[in-house]
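Subject: Structure for you to look at

Hello,

Here is the structure I promised to hand over. Please open it first, then read my notes alongside it.

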Amino acid sequence: MAEARQEFPIEQQLRKDIQEAQRARDQLRLDTLRMALGAIHNLEVARTDRKNTEFGQALTEADCLRVLEQEVKKRQQAIPLYEQGGRTELAEKERQEMNILQAYLQGSQLSDDEVRAIVANLVAQHGDEFRRIMPLTVKETKGRAEGARVQRIVKEMTR
């Protein structure tokens, strides 16, 4: 039988917050956190499929954060669609779920100054050409900073 893997701090926090939401009878928060934990579990299960490109790879903390980012992005895309369809109550529900999930991403996100420090280091090593620095910066900040914010900072620091 396979041995259980160690839980990451983000998963432990999600489980703790699920218990608190149960005690507080906060159904929206409870459902949202369970969905997030389920999405992380689904990624782990998907990696047991031989057809998966990430077959056999162990789950990492960055993977967990990436799953949460994807869930936030889904909600960002759904909100305008619900509003166009006149379903403001569903748009509001998605907005609340997005806010709940973003709270977990905030702690792991790099500040603008930290991204600037990474870009400055890469510029010192590889020159100040945008096309050379941008992919390196994206790789370095993967899962810890929004792509649009990284691009804006790289543009202002390169030519």
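How many nonpolar, polar and charged residues does the lining of the largest pocket have? It has 6 nonpolar, 8 polar and 7 charged residues. Here Ala, Val, Leu, Ile, Met, Phe, Trp, Tyr, Cys and Pro count as nonpolar, Asp, Glu, Lys and Arg as charged, and the others, Gly among them, as polar.

Some ground rules. This is a predicted model, where local features need pLDDT of at least 70, side-chain atom pairs count only at pLDDT 80 or more, and totals for chains, interfaces and linings use all residues. Residues are numbered from 1 along each chain as its sequence is written, and side-chain values use heavy atoms, with hydrogens and water left out.

**The whole chain**

The protein chain has 7 helices and 0 strands. Both kinds of element are DSSP runs numbered from the N terminus: helices are H or I with at least four residues, strands are E with at least two. The order from the N terminus is α-α-α-α-α-α-α. The C-alpha atoms fill a box of roughly 55 × 50 × 30 Å along the principal axes.

The chain has 159 residues, and 32% of them are buried. Buried means under 20% relative accessible area, exposed means over 50%, and partly exposed is in between (1.4 Å probe, protein chains only). Take the contacts with a separation of 6 or more: 57% of them join residues 24 or more positions apart. A contact means heavy atoms within 4.5 Å.

Helix 3 gives the most, with 8 residues.

The second largest pocket has a volume of about 180 Å³. It is lined by R5, E44, R47, T48, G56, Q57, A58 and L59. That lining divides into 2 nonpolar, 3 polar and 3 charged residues.

How is a pocket found? The search uses a 1 Å grid over the protein atoms alone. A cavity is a set of points where a 1.4 Å probe fits but cannot get out, while a pocket is an open set with protein on both sides within 12 Å along at least five of seven lines. Lining residues have an atom within 4 Å of a point. For volumes, grid points are joined across faces, edges and corners, and the space filled by probe spheres set on the points is taken.

**Helix 6**

Helix 6 covers residues 130–141, which makes 12 residues. The expected span of a helix is 1.5 Å times one less than its number of residues. For helix 6 that gives 16 Å, and its end C-alpha atoms are 16 Å apart, which agrees.

Which residues of helix 6 are buried? They are I133, M134, T137 and T141. They cover an arc of only 105 degrees around the axis, so they sit on the same side of helix 6. The arc is that of the directions from the helix axis to the C-beta atoms. An α-helix has 3.6 residues a turn, so residues three or four places apart point the same way.

The buried residues of helix 6 pack against helix 5 (112–126) and helix 7 (147–157). The face turned away from the buried side carries the exposed residues R131 and K139.

The touches listed here leave out residues up to four places away in sequence.

- V154 lies in helix 7. It is buried, with a relative accessible area of 0%. V154 touches V119, F130, I133, M134 and T137. V154 and M134 are 20 residues apart in sequence, yet 6.4 Å apart in space, C-alpha to C-alpha.
- L105 lies in helix 4. It counts as buried at 8% relative accessibility. L105 touches L65, L68, E69 and V72. L105 and L65 are 40 residues apart in sequence and 6.9 Å apart in space, C-alpha to C-alpha.
- E11 lies in helix 1. It is buried, with a relative accessible area of 4%. E11 touches R5, L37, I40 and C64.
- R25 lies in the loop between helix 1 (9–24) and helix 2 (27–46). It is exposed, with a relative accessible area of 75%. Its phi is near 60 degrees, a positive value in a residue other than glycine.

Best wishes
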